[in-house]
Amino acid sequence: MGDDYPTLFRSEQMSLVQLYIPTEVAHDTVAGLGELGDVQFKDLNPTVNPFQRSFVGEIRRTEEMARRVRFFESQIQKEKDVVPIRPLYDSAPLVTVGPSAAQTIDELDVTLAEHETRLVQMNDSYKTLSERTRELVEARHVLRETAVFFEKAETQQTDIRTSFDDSSAPLLQHDDREQQYSSNLQFDLEFVAGTIDRTRISTFERVLWRVLRGNLYMNHTDIAEPFIDPSTGSETRKNVFIIFAHGEALLAKIRKVAESMGATLYPIDPNADKRSDSLREVTDRLEDLQTVLYNTGLNRRSELLTIGENLARWQDVVRKEKAIYETMNLFNYDVRRKTLVAEGWCPTRDMTMIQMALRHATEESGTSVVPILHELRTNKTPPTFHRTNKFTEGFQTIMDAYGIATYQEVNPGLFAIVTFPFLFAVMFGDIGHGLIIFFAALYMIFKERQWARQELDEILGQFFFGRYIILLMGLFSVYTGLMYNDVFSKSLHIWHSGWDFPPLDGTSVAVSNGHVYPFGLDPAWHAADNGLVFTNSYKMKMAIVLGVIHMTFALCLQLPNHIKFKRPLDIYANFIPQMIFLQSIFGYLAVCILYKWSIDWSTRETDPPSLLNMLIAMFLSPGNVAPEAQLYRGQGFIQAVLLLLALICVPWMLCTKPYFQWKEMQQIRDQGYIGLGHRNGAPRESTDEVLEIEEEGNGRVIVEEMEEEHEQHDFGEVVIHQIIHTIEFCLGCISHTASYLRLWALSLAHAQLSEVLWTMSIAKFLGPTGIFDTIALVLVTAFWFGATVFVLCIMEGLSAFLHALRLHWVEANSKHYQGEGYAFTPLSFAKLDEKE
């Protein structure tokens, strides 16, 4: 009964089901199962090309609809002014199931095509009008600048002419006539005018000077306002130029060079009156064109607003339709029964819900033909599915990142809910820092519903996804901070200290006052000169004890796996010797640490022995313990027995399992059950269950079982595998125990960094005596708090997080976790939204 109830201890029981779906209700059936999200369909056409499957036409149609929806989304994103998109939960749903489903999809296809046609036409019109507007603006600037240039030239010519005049009457008589024709006489040279990119003007000048050998006169000026490309939105700044030269050959060269460098040329008349008329004409046309352009922009924005109102539900419908037809392409068509045959995995406990979804789909479609579902018996390995909620999802994701658990294997994600934040807190123990990340996680949980509907950036989204992990990490950090008696590198005097410092000249030695600090570290150690030495030793030994406990617990998780999968040989050949080996060396070390802590060494005649030297001497001189290094009576004999047990466990692990497997192979060969066509004489096990399945006619299932049949290994491979496994475990016990010392190292580093930050900042400004000291204290406090949050909480927190992750992935999971499964990936419309 316990196995039937779903928990995180193991993955859920899965069933292989087969469905016979009539073609007229196939779409609605898959849609209903997609809403339920409980069936992972198998591909029954693995040899068929994707372009030759039954529903290729429908998929191409939905892909075309998806392309149009993406086009609408890109146009809305390019719009300068924000176009609001109505969220999906606030939109009226489109009914795509039932008798009118096909009509709804057809109407949606037509609607998307019409919107695309209108939007493309508006974009083309807007682009054309923008280009014409730009040309007219450039022409207006060219006309204005050339007019200014000609006016300056006429002014200079008049000044020059006046300076050479004298008082003779004949010249005065003809002065008006000369002034009348002066402009015509002055500008006999022809000219070219236009605009060019400002970045190319210097290159343009040098090229013209070399090509024309200096036979030109060029003038240019900047255009103040930039030109904006309507399609890309990029800005371009240009200059107006006017070039004078003599002769058609030179003018032709100027035009070629200008066109090659992307310049735009405009025909400008040398006559001032005609230029004025052209300027008025260009201005009038520009005003009319800007009015048309403005109205076109309004119409385009109105179209985008209409699209934005429906874009979310269009995206939802198109995604679902594409997923439905892609899933239907996995089915096999039974010509005789005129139905679609589907196979897939589903949680056993959800079979009733799936049958209800099938019945509901039949009722929605308006037909009386009900899809048939029945369970298949198979030996194929099912996918792994852990049913999680928003609290356990983060912890399970951490374990799945290491490897998907084998089907029905013990799930370490359940225990990581406690062990992960605890090991993090051992490295991050501080009441103040723990409260900061605790309240940060609490704020994210408070904003959960609001933020879940928003598009968060990548970093904030990662923190929000792990909000419950951060919550427990902060809570456990407060607990370990109380154990360390550490809050922002300061100590708390909650209870009476067990040590008094008598007033003495110079160095004073603490004296016990008979009290015992009831919880955590006595605050007297924070003021002591040897406080760092004490906490260093305390945290290092605590890391070893916690590491041995964690590895022992992880090793114990082998036992339920062996019992579940009926592997008694692994219990006797692997689990028991591994447990004895681990406990005889490192379990013994952890017990010695605890025993040493329990002794009042002030009442002993000998000094406390070094446990590291004790462990080394245990291997170098077994059975011999020096009197001054003795921890307890009979230590030499017990250490010799433990060392002997550890040495016995090595050949025990190395030989027991290969021997019994070789003996089992010999028994099978002696019985003569050797299948034809099997290499190495490995038999095919034709049990009654397999024969019964064959009689039921589940041909595809049988074929897949034969393809996935467990690979037979020869005896040499078994021996090599066991040798590698034994060496890996024995060496891993040593290296993994040492690896837990990171708990000590990071805890010590975190405490020292916190103390340095306090000492170098706030401690220097405490006790202000004036207004300036108070202002300085406020500023330094703000700096200290910012550094505490960003350096000690975020950066140090991420470091401790990664180390806790490594301890779970490598040190713990390597003791029991196979991780050879594959994830359960059902057809789920909710997962499609998450992928988007």
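This is a predicted model: local features need pLDDT of at least 70, side-chain atom pairs count only at pLDDT 80 or more; totals for chains, interfaces and linings use all residues.
**Notebook: rings, helices and cores**

I started with tyrosine 659, which comes out partly exposed at a relative accessible area of 43%. My scale is under 20% for buried, over 50% for exposed and partly exposed in between, using a 1.4 Å probe and protein chains only. Residues are numbered from 1 along each chain as its sequence is written, and side-chain values use heavy atoms, with hydrogens and water left out.

**Ring pairs**

How many aromatic pairs does the structure hold? I get 33 aromatic pairs. One of them joins tyrosine 659 to tryptophan 662, tilted, with 6.4 Å centre to centre and 35° between the planes. For pairing, I take rings of Phe, Tyr and Trp (its six-membered ring) with centres within 6.5 Å; planes under 30 degrees apart are stacked, over 60 edge-to-face, the rest tilted. Both residues sit in helix H21 (residues 635-671), three residues apart, about one turn of the helix. Helices (H or I, at least four residues) and strands (E, at least two) are DSSP runs, numbered from the N terminus. Residues three or four places apart in an α-helix point the same way because there are 3.6 residues a turn. Tryptophan 662 is also partly exposed, at 38% relative accessibility.

Next I looked at tryptophan 758 and tryptophan 784: their ring centres are 5.7 Å apart and the planes stand at 85°, so I log this pair as edge-to-face. This one links distant parts of the chain, with tryptophan 758 in helix H25 (residues 742-760) and tryptophan 784 in helix H26 (residues 771-812), 26 residues apart. Buried or exposed, these two tryptophans? Tryptophan 758 and tryptophan 784 are both buried.

I also found Phe149, Phe191, Tyr217 and Phe244 linked into a cluster by ring pairs.

**Charges over rings**

The criterion here is NZ of Lys or CZ of Arg within 6 Å of the ring centre and within 35 degrees of the ring normal. Arginine 453 puts its charged end over the ring of tyrosine 89, 4.5 Å from the centre. Arginine 604 does likewise over tryptophan 601, at 5.3 Å.

**Arginine 10**

I found arginine 10 in the segment before strand E1 (14-22), and at 13% relative accessibility it counts as buried. Which backbone oxygens does its side chain reach? It gets to that of glutamine 408 at 2.7 Å and that of proline 560 at 3.0 Å. These are polar contacts: N or O atoms within 3.5 Å, one able to donate a hydrogen and the other to accept it within protein, with residues adjacent in sequence counting only if both atoms are side-chain atoms. Leaving out residues up to four places away in sequence, arginine 10 touches several others, including His386, Glu409 and Lys564; contact means heavy atoms within 4.5 Å.

The 16 residues of helix H12 (residues 431-446) should span 22 Å at 1.5 Å a residue, and the end C-alpha atoms are 22 Å apart, which agrees. The expected span is 1.5 Å times one less than the number of residues. Aspartate 430 caps the N-terminal end of H12, with a side-chain oxygen 2.9 Å from the backbone nitrogen of glycine 432. Among the buried residues of H12 are Ile437, Phe438 and Met444. The cover over its buried residues includes H15, H25 and H26.

In H15 (residues 467-484), 13 of the 18 residues are buried, so I note it as largely enclosed by the rest of the structure. Asparagine 485 follows H15 with a positive phi, near 55°. In the loop between H15 and strand E12 (499-500) I found phenylalanine 488, whose phi is also positive, near 55°. Serine 489 is in the loop between H15 and E12 too; its phi is about 70° although it is not a glycine.

**Cores**

Which members of the largest nonpolar core touch the most others? Of its 69 residues, they are Phe420, Phe581 and Leu743. Helix H19 (residues 568-597) gives the largest share of this core, 12 residues. Another core, of 27 residues, lies apart from it and includes Ile21 and Leu358. By nonpolar core I mean buried Ala, Val, Leu, Ile, Met, Phe, Trp, Tyr and Cys residues joined through side-chain atoms within 4.5 Å.
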